[in-house]
Amino acid sequence: MYRILQSYLTNRYFRTKYREAYSSLRQILAGILQGSVLGPFLYLIYTANLPTLANSTTATFADDTTILTVHEDPTMAAHRLQMRLNKIHSCLKTWRMKANEVKSVQVTFTLNQICPPVKLNNDHLPQADEVKYLGIHLDQRLTWRKHITTKRKQLDLKLWNLYWIIGRKSQLSLENKLLVYKVILKPVWTYGIQLWGTASNSNVEILERFHSKVLCIITDAPWYVPNTIIKRDL
């Protein structure tokens, strides 16, 4: 196993092309092949000893890392977060890695006071009202309004591109129209529903209206047929 990994990581070279000119070969001294099968697995092994603290939560997915601290006092919450970031910075420095503070953001999920700013790599992290993590938009008050409206825009665009095949004039069978909807459109708005499903009815209805609209188009139902009847029959 050692020799397999050694052959995978060593004797790698790269060169740069500019128009018709090529640079000379240079050896790759660190890192792995992008897009490789072993890459994410080796990265997880390399970062498995990321330091943790009892009063914080760490969520990782590949190279995306989120640190969460909770406290009634915003200053204490920020202090705990800063201690956690300091430990991470020290660990990454030891293993010759560097977190990208430009792509990092600090969000306070609260109805009251905002936490004081924290630093990463000696630079203040930008504070924002919402952040996108793993395809889910988390707003400061966790109303899910931003996430739902974003998904609605994506759905409208996808519906426009698919209208020729699932629209009212399409000769495709009803069964296959529903299959297209369930495979392509439905996963867009059901993703993360375990979280945003707690949103208020006024926000959830934004996606409900799209759901009813698509089903009316698929079935070519006249305007006077209630949406509840269409959903029941399908």
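**Chat about the model**

Colleague: How many bridges join strand S9 to S10?

Modeller: Four, and S9 (residues 130-133) runs antiparallel to S10. Two strands count as paired if DSSP finds at least two bridges between them. Helices (H or I, at least four residues) and strands (E, at least two) are DSSP runs, numbered from the N terminus.

Colleague: Before we go on, what sort of model is this?

Modeller: A predicted one: local features need pLDDT of at least 70 and side-chain atom pairs count only at pLDDT 80 or more, while totals for chains, interfaces and linings use all residues. Residues are numbered from 1 along each chain as its sequence is written, and side-chain values use heavy atoms, with hydrogens and water left out.

Colleague: OK, back to the hairpin. What sits between S9 and S10?

Modeller: Two residues, and Leu134 in that turn has a positive phi of about 55°. Tyr133 has Ile136 in S10 as its bridge partner.

Colleague: And which way do the S10 residues point?

Modeller: S10 covers residues 136-139; Ile136 and Leu138 point one way, His137 and Asp139 the other, and all of them are buried. Buried means under 20% relative accessible area, exposed means over 50%, and partly exposed is in between (1.4 Å probe, protein chains only).

Colleague: Switching to helices: where is the kink in H5 centred?

Modeller: On Lys182, with a kink of about 40° in H5, which spans residues 174-190. The bend at a residue is the angle between axes fitted to the seven residues ending there and the seven starting there.

Colleague: Which H5 residues are buried, and what do they pack against?

Modeller: Lys177, Leu178, Val180, Tyr181, Leu185, Val188 and Trp189 are buried. The buried residues of H5 pack against helix H4 (145-166), helix H6 (193-196) and helix H7 (201-219). Just past H5, Gly192 has a positive phi of about 75°.

Colleague: What about Thr69, buried or exposed?

Modeller: Thr69 counts as buried because its relative accessibility is 15%. Thr69 lies in strand S6 (residues 64-69), and its side chain reaches the backbone oxygen of Ala77 at 3.0 Å. Thr69 also touches other residues beyond four places away in sequence, among them Asn55, Ser56 and Arg80.

Colleague: Last one: what does the whole chain look like in numbers?

Modeller: There are eight helices and ten strands. The C-alpha atoms fill a box of roughly 70 × 55 × 40 Å along the principal axes. Buried residues make up 31% of the 234 residues. Of the contacts with a separation of 6 or more, 50% come from residues 24 or more positions apart.

Methods:
Contact means heavy atoms within 4.5 Å. A polar contact is a pair of N or O atoms within 3.5 Å; within protein, one must be able to donate a hydrogen and the other to accept it, and residues adjacent in sequence count only if both atoms are side-chain atoms.
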